[in-house]
Amino acid sequence: MTAVTHAPGAPPEPALTPDLVVARAQAMVPALAERQAETEQRTFYAPDTHEAFAEAGFYRILVPRRFGGYEFGVETFLRVSMTLARGCPSTGWMYSLGTAHALAVATLFGERAQAELFATGDFVCPATVAPSGTATRGQDGQWILDGTWNYCSGAPYATHFMGHVVVDGAPMLFVAPRDRWRRLDDWGNQLGLKGSGSHSVVFEHASIPGHYTLPLHLSQTSVAGGTPGLSLHGNPEYGGGPLSFMLLDSATVMLGMAQGALDAYEDLMRVRTTVFPPFSLRAEDPDYQFWYGEAAGLLATAEAAWSDAVRQWQRACAEGSFTRERDLRIATISREIARLSWRAVERCLFPTAGSSAVRNGERIERIWRDMSTLHSHAGFAVFLSTVANRELARAHFGLG
């Protein structure tokens, strides 16, 4: 799809509402679920799905209104991400991690950079937190990038890429337009999330202007003193903590995956019978009722934690009090959302769905693979499991 540029302050559908954009995502769930195998084989969601997302306004939810976006905020964005993941985990992950970084650009970069980066209208910008490659100073304030950045979820339809590189021993964040890099065809051989479009991208002596870079690492950015985005747009959510938002985004997708597994389990309960007498539909059997109820309760608790974490994030933005401790506290809530979601699938739904329901390609089997793969994600496997606890304690006790 060729991105369409709209005049600043004029999104394609000025009357579009948050409720309507979420409803559009909900209407797509059956088709996304039906096309999961196709998405895995392709390694990213289909071009017509991409077109539908663009027409629905999904790629502009977090883009500031002054640059042609809808500026609907994090709650609407996360609800759309959760809903899409409920239909197809790979699609939800690819969409969410490919589109979430509009918030970071609108928060951290100056007006000139934002005007240029958001000029394409739709904004799809995968990002990685692991530094890679090299950056050397060029002429007229340019930076020259070389190297390969891996696990760039959302790369197939990206308009930009956000990455990190180490310069003189310190991290540097950068954003590069699509014409500065190429995508490798190197995704799809993992256990799960085969259709998440998490390809590598390669820079070969590519130049970007200096105002597309910042001397920081996204996970360690402090917004306590205000942000360029808050001053520019007057929207408190462009002054929020990038770390907690990134981790809440990932947990949101995991919760959506688990909700999809519960949907599939419910379908089985309505049509399949018990193995041992007295024979009945699973929905009428006390054991299956227990397992369903146990999973449903875990996911209801996860969703309650998710709702409160979103409210805490928004409240911290509104109060202008996004301290490091507050950022990390919301991050640890995200960890528990992910743990509850995994427990519902791994302990309740997957073991009791039956061997035929976990054959290769079945919906519950695929969700189990996808959620298992998420445990290797750096945010979950490294940061949330160990680092976040220590960092939260250090921030609380004023240890820097």
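Which residues do ring pairs link into a cluster? Phe-44, Tyr-45, Phe-53, Phe-58, Tyr-59, Phe-77, Tyr-95, Tyr-157, Phe-245, Trp-313 and Phe-322. Rings of Phe, Tyr and Trp, the last by its six-membered ring, pair if their centres lie within 6.5 Å; planes under 30 degrees apart are stacked, over 60 edge-to-face, and the rest tilted.

Before going on, the ground rules. This is a predicted model, where local features need pLDDT of at least 70 and side-chain atom pairs count only at pLDDT 80 or more, while totals for chains, interfaces and linings use all residues. Residues are numbered from 1 along each chain as its sequence is written, and side-chain values use heavy atoms, with hydrogens and water left out.

Back to the rings. The whole structure has 27 aromatic pairs. One of them joins Trp-149 and Phe-203, edge-to-face, at 5.2 Å centre to centre and 75° between the planes. Trp-149 is in strand 2 (residues 143-153) and Phe-203 in strand 6 (residues 198-208), so this pair ties together parts 54 residues apart in sequence. Strands here are DSSP runs of E, at least two residues, and helices are runs of H or I, at least four, both numbered from the N terminus. Phe-203 also pairs with Phe-174, again edge-to-face, at 5.8 Å centre to centre and 90° between the planes. Phe-174 sits in strand 4 (residues 170-177), 29 residues from Phe-203.

Next, the core. The largest nonpolar core has 127 residues, and Phe-58, Tyr-95 and Phe-203 touch the most other members. Such a core is a set of buried Ala, Val, Leu, Ile, Met, Phe, Trp, Tyr and Cys residues joined through side-chain atoms within 4.5 Å. Helix 9 (residues 242-271) gives the most to this core, 17 residues. Leaving aside neighbours within four places in sequence, Tyr-95 is in contact (heavy atoms within 4.5 Å) with residues including Tyr-45, Phe-53, Phe-58 and Phe-77.

A cavity is a set of points on a 1 Å grid over the protein atoms alone where a 1.4 Å probe fits but cannot get out; a pocket is an open set with protein on both sides within 12 Å along at least five of seven lines; lining residues have an atom within 4 Å of a point.

How many cavities of 30 Å³ or more are there? Two. The largest holds about 80 Å³, and its lining includes Glu-237, Gly-240 and Phe-245. Helix 6 (102-108) and helix 9 each supply at least two residues of that lining. Cys-317, in helix 10 (residues 286-319), is in contact with Glu-237 and Gly-240, among others. Cys-317 is itself buried, at 7%. The second largest cavity has about 40 Å³, and Tyr-45 is one of the residues that line it.

Last, the second largest pocket, with about 210 Å³ of space. Of its 13 lining residues, Arg-335, Ala-338, Arg-339, His-375 and Phe-380 are the closest to its centre. Helix 11 (324-352) and helix 13 (378-396) each supply at least two residues of the lining, and helix 11 gives the most, with seven.

Methods: Grid points are joined across faces, edges and corners, and a volume is the space filled by probe spheres set on the points. Buried means under 20% relative accessible area, exposed over 50%, partly exposed in between (1.4 Å probe, protein chains only).
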